[in-house]
Amino acid sequence: MALNPQSAVALRRSSPVLNHGARGLAIDAAPTVSRPYPRPQPRAVTKWAPPSSRSFSISARRNEIRDVSTLPDRIVPHYQQTRTSSLLSLQWPRPPRNILLMPKLHAPHVTVSAVEFAKHIHNNYPGLHLVFESHIAQSIHETLPFPIYSTEPSECSAKYAKKIDLVTTMGGDGTILRAASLFSMVNSVPPILSFSMGTLGFLGEWKFEEYKRAWRECFMSGCPVPVEDLAASHTRAAAATRRVGDQAVEPDLLDWESVRGNGQCMGPNRTSKILLRNRLKVGIYDSCGRNITEHLSPTSMAEPDLGSTSPTDMAMSHHFASGCDTPGYLHAINEVSIDRGAHPHLAIIDIFVNNHFLTEAVADGILISTPTGSTAYSLSAGGSIVHPLVKSLLITPISPRSLSFRPLVLPLHTKVVLKLSKRNRGRELPVSIDGKRRVGVSIGMEVRVEGERLQKTEEGFVGGVPCVIRSSSRKETEGISEDDDSWVGGLNGLLKFNYPFGANNPDEAH
């Protein structure tokens with residue numbers, strides 16, 4: 001009910017008055033006390049007008065952080081073998097929706113690039129959900145005009161395994177390692193699209209300047225027809241079904257129609273190439289044979305989103321991947337190491353291969369590496385360089401006492417056990433998995449390692465870490481495949497393999 005000005009003044013005079021005194025707020029009962037506030041003036045009555053074209057919403061803020069659990073479940077891609085390549089072909093049954101972006105830590109210029117990349121995806125690929133690690137999300141969400149997603153560090157391993165379709169890393173080899181470690185408790189890892197923006201970048205495939213092309217090729221891989229042709233009725237009928245393996249799949253063409261501009265694919269035969277990098281399965285057992293893998297903890301608080309290895313998290317993550325309730329192991333993409341730590345004496349470790357005693361190693365430590373890890377710690381310790389397509393594992397001693405203890409290359413499915421000898425004088429030695437998780441082992445404890453098996457299903461392969469390989473711009477000649485071009489180029493350009501002395505350019509020696 002509205003009051004006229006005279007009624008409002010009369011009501012004010014008959015009401016108590018608020019006075020601000022020296023000691024605070026007081027209530028005056030007498031209406032004759034002077035008032036510090038002016039009398040209210042009558043307001044002009046205005047007629048309602050329709051809202052202008054620029055309206056404001058009372059909905060939630062656009063630059064908010066939402067929980068990953070609200071996202072749709074993960075889309076699992078297919079990996080198919082081809083006749084012309086030793087690599088696999090990436091086939092998306094539907095466009096990926098949930099994208100995990102992982103920039104290099106403590107690198108502000110990389111974070112700026114990640115924001116640029118995120119805006120490009122949001123503007124040109126509608127309907128995608130961008131996910132960041134919690135500490136990254138807190139630092140950048142105010143700069144993005146759209147909501148992003150994250151979760152608590154203690155829950156990231158389980159939730160990411162169920163929700164993430166594709167991982168994009170921006171950094172060096174350590175960033176790729178960090179991404180793989182987030183999925184170390186599951187058998188099925190999302191594809192990883194990596195941009196080399198770190199120190200070395202031996203595993204990084206793309207330069208960030210190529211991010212539009214790289215993202216387009218990866219996102220549209222498996223699209224049955226070019227996007228510009230999807231609107232035509234004859235194209236819809238021709239592409240109504242396509243085969244993935246022995247199954248006929250009906251693509252949801254409407255999902256691909258929303259892609260704008262640079263999102264157009266180049267036909268059904270142009271797919272991204274995938275290199276499945278083998279991993280190691282690692283289990284830690286005490287002297288009574290009990291599995292204590294759950295006690296491994298992150299090695300650095302600088303990477304809080306690595307998550308925990310509590311029994312609940314391990315069971316949840318592994319149950320999603322394989323239906324097993326107690327996994328009992330973690331995965332390593334690089335290596336497992338056991339070393340003497342801060343102790344001055346050499347470590348004494350008994351090595352068993354397929355339940356047969358191999359040797360008693362007296363050294364600073366022992367490494368068990370994958371072919372991917374053969375260019376990491378193992379290379380620094382004198383190990384061999386092994387191509388990532390070679391299914392194997394390596395045993396490399398770290399500064400052994402005996403000069404006859406040489407590195408070994410064994411079949412991937414070999415079961416290796418490292419057991420602390422009783423001659424270790426009661427010391428506890430640290431065990432590290434990919435440098436990301438660590439636990440102490442004492443006399444009688446065992447580290448059991450074997451290669452992860454790649455399982456071929458009706459939809460393709462399960463296991464390993466699928467890495468998107470940069471496509472070569474040069475044409476393939478008959479009988480010569482260029483699948484290995486980036487690996488050979490990395491040996492020459494980054495590792496300076498057999499670099500000639502006295503030459504500024506290794507090509508000068510040829």
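Trainee: Which residues do ring pairs link into a cluster?

Mentor: This is a predicted model. Two rings count as a pair if their centres lie within 6.5 Å. Ring pairs of this kind link into a cluster F117, Y125, F195, F208, Y211, W215 and F219.

Trainee: How many aromatic pairs are there by this rule?

Mentor: The rule for aromatic pairs covers the rings of Phe, Tyr and Trp. By this rule the count is nine.

Trainee: What is the geometry of the pair F117 and F195?

Mentor: The ring centres of F117 and F195 are 5.8 Å apart, and their planes stand at 65°. Planes over 60 degrees apart count as edge-to-face. The pair F117 and F195 is therefore edge-to-face.

Trainee: How many residues apart in sequence are the parts that F117 and F195 tie together?

Mentor: F117 belongs to helix α2, residues 108–124, and F195 to strand β10, residues 192–196. The pair therefore ties together parts whose separation in sequence, in residues, is 78.

Trainee: Is F117 buried or exposed?

Mentor: Buried means under 20% relative accessible area. F117 has a relative accessibility of 0%, so F117 counts as buried.

Trainee: Which helix does F117 reach through its pair with W215?

Mentor: The rings of F117 and W215 have centres 5.8 Å apart and planes at 90°, so this pair is edge-to-face. Both F117 and W215 are buried. W215 lies in residues 211–219, and the pair ties together parts 98 residues apart in sequence, so the helix reached from α2 is α6.

Trainee: Against which elements do the buried residues of α2 pack?

Mentor: The buried residues of α2 include V110, A114, F117, A118 and I121. These buried residues of α2 pack against β6, β7, α3, β9, β10 and α6.

Trainee: Which residue lies over the face of Y285?

Mentor: A charge over a ring must be within 6 Å of the ring centre. Y329 has K281 over its face, at 4.8 Å from the ring centre. Over the face of Y285, at 3.7 Å from the ring centre, lies R448.

Trainee: How many disulfides does a search of the whole structure find?

Mentor: C218 is buried at 0% relative accessible area, and C467 is buried at 9%. A disulfide needs two cysteine sulfur atoms within 2.5 Å. The number found in the whole structure is zero.

How values were computed:
Residues numbered from 1 in each chain as written. Predicted model: local features only at pLDDT ≥ 70, side-chain atom pairs only at ≥ 80, totals over all residues. Heavy atoms only, no water. Phe/Tyr/Trp six-rings, centres within 6.5 Å; stacked < 30°, edge-to-face > 60°. Helix = DSSP H or I, 4+ residues; strand = E, 2+ residues; numbered from the N terminus. Buried < 20%, exposed > 50% of the residue type's maximum accessible area, 1.4 Å probe, protein only. Lys NZ or Arg CZ within 6 Å of the ring centre and 35° of its normal. Contact = heavy atoms within 4.5 Å.
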